[in-house]
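The following exercises are to be worked through with the sequence and the model at hand. Each task is followed by a solution in steps.

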Amino acid sequence: QAGEAFVVETTGGGGLGLPGNRAPAFVRADVAAGKVSRDAARNVYGVVLDDDLNVDEAATAATRTGRQ
């Protein structure tokens, strides 16, 4: 009807580039927002988060080494 809107928001689009090149801060934000699980952050994006969702820079670098 006039004046109404239908809005759909989705997550998990194809994206651009390799997942391992995504900035860890963006992956962390997606985890915090519930868009990506901690397991996916590590296994797909190579980003390691601690219990407080802080990026573990050393572990992330080690996880991403050799990927691509």
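At 17% relative accessibility, Asp30 counts as buried, where buried means under 20% relative accessible area, exposed over 50% and partly exposed in between (1.4 Å probe, protein chains only). The model is predicted: local features need pLDDT of at least 70, side-chain atom pairs count only at pLDDT 80 or more, and totals for chains, interfaces and linings use all residues. Residues are numbered from 1 along each chain as its sequence is written, and side-chain values use heavy atoms, with hydrogens and water left out.

**Exercise 1. Identify the salt-bridge partner of Asp30 and state the distance between the closest N and O atoms.**

Step 1. A salt bridge is a side-chain nitrogen of Lys or Arg within 4 Å of a carboxyl oxygen of Asp or Glu. Side chains of opposite charge can pair when their charged atoms come close.

Step 2. The partner of Asp30 is Arg22, with the closest N and O atoms 3.0 Å apart.

Step 3. Arg22 is partly exposed, its relative accessible area being 31%, whereas Asp30 is buried.

**Exercise 2. The structure holds two salt bridges; describe the one formed by Asp51.**

Step 1. Asp51 pairs with Arg38, and their closest N and O atoms are 3.8 Å apart.

Step 2. This pair links distant parts of the chain: Asp51 is in the loop between helix H2 (38–43) and H3, Arg38 is in helix H2, and 13 residues separate them. Helices (H or I, at least four residues) are DSSP runs, numbered from the N terminus.

Step 3. Asp51 is exposed at 72% relative accessibility, and Arg38 is partly exposed with a relative accessible area of 38%.

Step 4. For Asp52, in the loop between H2 and H3, the relative accessible area is 61%, so Asp52 is exposed. Asp52 and Arg38 are 14 residues apart in sequence and 11 Å apart in space, C-alpha to C-alpha.

**Exercise 3. Determine which residues of helix H1 (residues 24–32) are buried, and how they are arranged around the axis.**

Step 1. The buried residues of H1 are Val27, Asp30 and Val31.

Step 2. They cover an arc of only 100° around the axis, which puts them on the same side of H1; the arc is that of the directions from the helix axis to the C-beta atoms.

Step 3. An α-helix has 3.6 residues a turn, so residues three or four places apart point the same way.

Step 4. The face turned away from the buried side of H1 carries the exposed residues Ala25 and Phe26. H2 is included in what covers the buried residues of H1.

Step 5. After H1 comes Gly34, with a positive phi near 80°.

**Exercise 4. List the residues of the largest nonpolar core.**

Step 1. A nonpolar core is a set of buried Ala, Val, Leu, Ile, Met, Phe, Trp, Tyr and Cys residues joined through side-chain atoms within 4.5 Å.

Step 2. Eight residues make up the largest one: Val27, Val31, Val36, Ala41, Tyr45, Val47, Leu49 and Leu53.

Step 3. Beyond its neighbours within four places in sequence, Val36 is in contact (heavy atoms within 4.5 Å) with Asp30, Val31, Ala41 and Tyr45.

Step 4. Leu53 is located in the loop between H2 and H3; its phi is near 65°, a positive value in a residue other than glycine.

**Exercise 5. Are Thr60 and Thr63 buried or exposed, and what do they contact?**

Step 1. Thr60 is buried at 3% relative accessibility, and Thr63 is buried at 19%.

Step 2. With neighbours within four places in sequence left aside, Thr60 contacts Pro24, Gly46, Val47, Val48 and Val55. Under that exclusion, Thr63 contacts Arg42, Gly46 and Val48.

How values were computed: Helices (H or I, at least four residues) and strands (E, at least two) are DSSP runs, numbered from the N terminus.
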